[in-house]
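Work through the exercises below with the structure in view, and try each task before you read its solution.

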Amino acid sequence: MSAILRELLRVSEKAANIARACRQQEALFQLLIEEKKEGEKNKKFAVDFKTLADVLVQEVIKQNMENKFPGLGKKILGEESNEFTNDLDSTYQYIRGSADIKSNQGIFPSGLQCVTILIGVYDLHTGVPLMGVINQPFVSQDLNTLRWKGQCYWGLSYLGTNIHSLQLPDSERKSRDTRSQVTEDTNSEAECSHRFSAVISTSEKDTVKAALSRVCGERMFPAAGAGYKSLCVVQGLVDIYIFSEDTTFKWDSCAAHAILRALGGGMVDLRQCLQRSSETALDWPQLVYHVENEGATGVDRWANKGGLIAYRSRKQLETFLSLLIPNLAPGDTRT
């Protein structure tokens, strides 16, 4: 497992270098974009695009892992097909990653900082995520050279061993634990609003946002990219990432899920959580990665159909749901 992890870290940085190189020349980058075909598209978007960088990154990961571990490449699933034709007779939406977006308490609502390279490893028999690497290629930019530096995060949870790259000072860990706990005798809605923080999709349903606002108050942050929102939880910038729709996929969640497991957290199916009571939920419904959605076609075969919640500790999840559920009307999260 350690050999696989080392290779994943190496190939993730190789992929990040490709992503940075492709963004260096804006005029060239525009030529490397095409609209996704039927079967590839995310139904969340009226028009869905991929870039040559996306395809290169995915194929580099596949080929490098196959070269190092023969046979493994065939077991790698990803978002992009390896076909890129870019018929220049088509009209393309101008795609540009903004570099000057300001963060809100460390969380970027959009921009290049939201770009992530996600590599997750799961058990073929159980579907449990075992290992995850998240490479963030665009973290800081040198204003003189305009070149970007990135950051990589990893975690492994296997046979009772949990290790990860995030080492938090004891004082910070204790502060976060205290901040996230909600005592049983808390009756003040205003007080509850300061107990949890959450990152959400900009397209989240109004009914869900309204319920969340009663739990999180102003500590509810919209951001782009499922991978980036999960990373915000991994980094401890927020307590929860919640998404009620079925437009994230296994390749969006597996890497962060593995890291969160190593941290003592996880990622669960939102819809199934809402169908259970805290008394019966001895094992919250973790997302699994080895089974296709029955009757689905194209990328929807690997969609997270019930939505998701990413969290850093089981206690956090249970307390968060106990506050959220009373504020949700039946059917608010139906997808």
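**Exercise 1: a helix and its surroundings**

Of the 14 residues of α8, 12 are buried, so this helix is largely enclosed by the rest of the structure; buried means under 20% relative accessible area, exposed over 50%, and partly exposed in between, with a 1.4 Å probe and protein chains only. The model is a predicted one, in which local features need pLDDT of at least 70 and side-chain atom pairs count only at pLDDT 80 or more, while totals for chains, interfaces and linings use all residues. Residues are numbered from 1 along each chain as its sequence is written, and side-chain values use heavy atoms, with hydrogens and water left out.

Task: find which residues of α8 are buried, and compare the reach of the helix with the expected span.

Solution. Begin with the limits: α8 covers residues 250-263, where helices (H or I, at least four residues) and strands (E, at least two) are DSSP runs numbered from the N terminus. Next, go along the helix, where the buried residues include Lys250, Trp251, Asp252 and His257.

**Exercise 2: a buried lysine**

Task: state what Lys229 touches and how far away the nearest side chain of opposite charge is.

Solution. First place Lys229 in helix α7, residues 226-235. Contact means heavy atoms within 4.5 Å, and, leaving aside residues up to four places away in sequence, Lys229 touches Val199, Ile200, Ser201, Ala223, Ala224 and Tyr241. Lys and Arg count as positive and Asp and Glu as negative, while His and the chain ends are not counted. Lys229 is buried yet has no salt bridge, and the nearest side chain of opposite charge, Glu204, is 8.8 Å away; a salt bridge needs a side-chain nitrogen of Lys or Arg within 4 Å of a carboxyl oxygen of Asp or Glu.

**Exercise 3: a hairpin**

Task: describe how β3 and β4 pair.

Solution. Strand β3 (residues 117-122) and strand β4 (residues 129-141) are antiparallel and share six bridges, where pairing requires that DSSP finds at least two bridges between the strands. One of the bridges joins Tyr122 to Pro129 in β4. The two strands form a hairpin with six residues between them, and Gly127 in the turn has a positive phi of about 75°.

Definitions and conventions
The expected span of a helix is 1.5 Å times one less than its number of residues.
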